[in-house]
Amino acid sequence: MDNNKPLVGVIMGSTSDWDTMQVAHEVLDEFGVAHECRVVSAHRTPDVMRDYAHAAEERGLEAIIAGAGGAAHLPGMVAAQTLVPVLGVPVKSRALNGLDSLLSIVQMPGGVPTATFAIGSSGARNAALFAVSMLANTRPELRAALADFRKRQADKVQNDELPL
Ligand code: RP5
């Protein structure tokens, strides 16, 4: 894969989302998927968000993982402005533990689909794995890596022992 040209954009509303969103970055790194990580705020930098969404397809992005917390409008507003699939990650908020983030992302009006994952780092991890599975549809080496990952995961669970 060409490591210079990002296939996946990992964006988030604030640097405070990085603890959660770095998990997506780590998974994409593990699979050798070229990606970029940026802060793009729906509320504080709406013009940057618009430009990012408008340029995404032409820049070759095949998926955008967007994380935000609280009034988490970033994933939906990016999805509204591009045909590139957007995978939303609700970041755990300080006030409402991420329930606000989850509902903000998941309750999109019909016609503007935005995939929504679990609150927090599990969501970031799964969003990245989902992006890998999308890319794997047309990349046999990635598909093999994903199959290997699933097998190692299953083996680990089967070999885990309870602390009795
Ligand atoms: C959202 O507001 C961000 O995605 C973040 O989760 C939340 C709080 O941002 P900060 O005040 O920590 O920058 O836009």
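**View 1. The loop that holds Asp17.** Asp17 is found in the loop that joins strand β1 to helix α1 (18–30). Helices (H or I, at least four residues) and strands (E, at least two) are DSSP runs, numbered from the N terminus. This is a predicted model, in which local features need pLDDT of at least 70 and side-chain atom pairs count only at pLDDT 80 or more, while totals for chains, interfaces and linings use all residues. Residues are numbered from 1 along each chain as its sequence is written. The mean pLDDT (the predictor's confidence in each residue, from 0 to 100) of the chain is 97, and 98% of its residues reach 70 or more. The model scores are ipTM 0.97 and pTM 0.96.

**View 2. The annotated binding site.** An unreviewed UniProt entry carries the annotation "binding site" for Ser14, Asp17 and Arg44. Although these residues are spread over 31 residues of sequence, they cluster in space, with a largest C-alpha distance of 14.4 Å. UniProt positions are given in the numbering used here, feature names are shortened, and annotations may be inferred rather than shown by experiment.

**View 3. The shell around the ligand.** The ligand is surrounded by Met12, Gly13, Ser14, Ser16, Asp17, Ser41, His43, Ala68, Gly69, Gly70 and Val91. A residue is counted as near a molecule if its C-beta atom, placed from the backbone, lies within 6 Å of it. By class, this shell has three nonpolar, seven polar and one charged residues. Ala, Val, Leu, Ile, Met, Phe, Trp, Tyr, Cys and Pro count as nonpolar, Asp, Glu, Lys and Arg as charged, and the others, Gly among them, as polar.

**View 4. The sheet.** Five strands form an open sheet in the order β2-β1-β3-β4-β5, with parallel pairing. The edge strands, β2 (35–39) and β5 (115–116), each pair on one side only. Strands pair if DSSP finds at least two bridges between them; β1 (residues 8–12) and β2 pair in the parallel sense over five bridges. The bridge partner of Met12 in β2 is Val39.

View 5. The annotation "domain: PurE", from an unreviewed UniProt entry, covers residues 6–157. Over residues 6–157 the chain is 47% helix and 16% strand, and the end C-alpha atoms are 33 Å apart.
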